[in-house]
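Please keep the sequence and the coordinates at hand while reading.

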Amino acid sequence: MADNYLGKKMEEHMARSAQGHKPRTQQSLGRLLRRNRSHRAYDASFVVRDDQLRRMVAAAVLAPSAMNRQPLRYRLVRGEEAAKLLPLIRLGGGLPELKLPPAGCEPNAFIVCCSATEPDKYLYMDLGIAAQSMLLQAVEMGLNGICIGAFDHAALRETLNLDMEPLLVIAVGRGVEHIELTEIAASESRAYYRREGVHYVPKVRLDELILKNE
Ligand SMILES: Cc1cc2nc3c(=O)[nH]c(=O)nc-3n(C[C@H](O)[C@H](O)[C@H](O)COP(=O)(O)O)c2cc1C
């Protein structure tokens with residue numbers, strides 16, 4: 001029985017290698033960055049586990065922090081508590097005609113990033129680096145997520161009984177959206193849009209992001 005199991009696993013592994021699939025641990029940073037898209041619809045049948053959220057926060061532990069103050073704290077939210085957060089967040093403000101997430105595609109897990117200190121400009125720098133580190137860790141685990149800045153602060157504080165300021169909510173789950181990046185000039189619209197079921201995210205081309213030397 002055990003031999004059969006191992007043999008089967010090895011066969012699956014060989015088949016995957018033959019098709020050019022890399023094991024998750026060998027995914028290049030470039031691939032993780034490209035796959036790290038903001039998802040606004042999730043597979044509701046996939047329940048995010050506590051250990052997956054903890055692993056994401058472990059990535060934040062490794063992030064740099066101004067003066068090494070490490071002012072951020074993280075509240076893990078799953079299950080019934082997650083359902084209570086749904087009415088307090090706003091997804092897809094750039095597509096007001098759509099109801100996002102669509103019914104039945106709600107995320108069932110969140111990480112709420114909070115501040116243990118008075119805010120200053122470095123707090124938000126720390127926050128951005130920590131958030132991206134956590135999202136990349138999620139993608140490496142085969143999950144997806146999205147940063148959510150649009151939420152009802154007071155209601156969220158009350159719902160989660162937080163004694164510190166929530167700065168950013170990160171939804172986590174198995175994303176079900178088809179998302180494509182498009183390259184644009186800096187002068188073009190950066191608004192994301194949807195066409196025939198595909199979510200398009202315009203990104204300003206590299207050459208226009210780099211300032212000229214002269
Ligand atoms: C700090 C921050 C706050 C954001 N807040 C929201 C939000 O409240 N609602 C939302 O739908 N998307 C939010 N987003 C996701 C952005 O809309 C998304 O990053 C952008 O459209 C680019 O798509 P991409 O992440 O797939 O590259 C936020 C992103 C960041 C970095």
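**From chain to core**

Of the contacts in the chain with a separation of 6 or more, 75% join residues 24 or more positions apart; two residues are in contact if their C-beta atoms, placed from the backbone, lie within 7 Å. The model is a predicted one, in which local features need pLDDT of at least 70 and side-chain atom pairs count only at pLDDT 80 or more, whereas totals for chains, interfaces and linings use all residues. Residue numbers start from 1 along each chain as its sequence is written.

The chain has 7 helices and 7 strands, where helices (H or I, at least four residues) and strands (E, at least two) are DSSP runs numbered from the N terminus. Their order from the N terminus is α-α-α-β-α-β-α-β-α-β-β-β-β-α. Of the 214 residues, 23% are buried. A residue is buried if 20 or more other C-beta atoms lie within 10 Å of its own, exposed if 12 or fewer, and partly exposed in between, with C-beta atoms placed from the backbone.

The largest nonpolar core has 32 residues, and F110, I111, C113, M134, I170 and V172 have the most contacts inside it. Such a core is a set of buried Ala, Val, Leu, Ile, Met, Phe, Trp, Tyr and Cys residues joined through C-beta atoms within 7 Å. At least two residues of this core come from each of α3, β1, α4, β2, α5, β3 and β4, and α5 gives the most, with 7 residues. Leaving aside residues up to four places away in sequence, V172 touches V48, L53, M56, P107, A109, F110, I111, A138, L143 and G145.

Helix α5 covers residues 121–140 and reaches 29 Å from its first C-alpha to its last, close to the expected 28 Å; the expected span is 1.5 Å times one less than the number of residues. Its buried residues are D126, L127, A130, A131, M134, L135, Q137, A138 and V139. An α-helix has 3.6 residues a turn, so residues three or four places apart point the same way. The elements that cover the buried residues of α5 include α2 (29–35), α3 (50–61), β1 (72–78), β2 (109–115), β3 (144–148) and β4 (165–173). Just after α5, G142 takes a positive phi of about 85°.

**Ligand shell and backbone exceptions**

Of the 15 residues around the ligand, R37, S38, C147, G149 and A150 come nearest, a residue being near if its C-beta atom, placed from the backbone, lies within 6 Å. β3 gives the most to this shell, with 3 residues. By class, the shell holds 8 nonpolar, 4 polar and 3 charged residues: Ala, Val, Leu, Ile, Met, Phe, Trp, Tyr, Cys and Pro count as nonpolar, Asp, Glu, Lys and Arg as charged, and the others, Gly among them, as polar.

Most residues other than glycine have a negative phi, and most peptide bonds are trans. The peptide bond from L100 to P101 is cis, with omega near 0°, and P101 lies in the loop between α4 and β2. N68, in the loop between α3 and β1, has a positive phi near 55°. N68 counts as exposed because it has 6 C-beta neighbours inside 10 Å. N161 also has a positive phi near 55° and is placed in the loop between α6 (153–160) and β4. With 7 other C-beta atoms within 10 Å, N161 is exposed.
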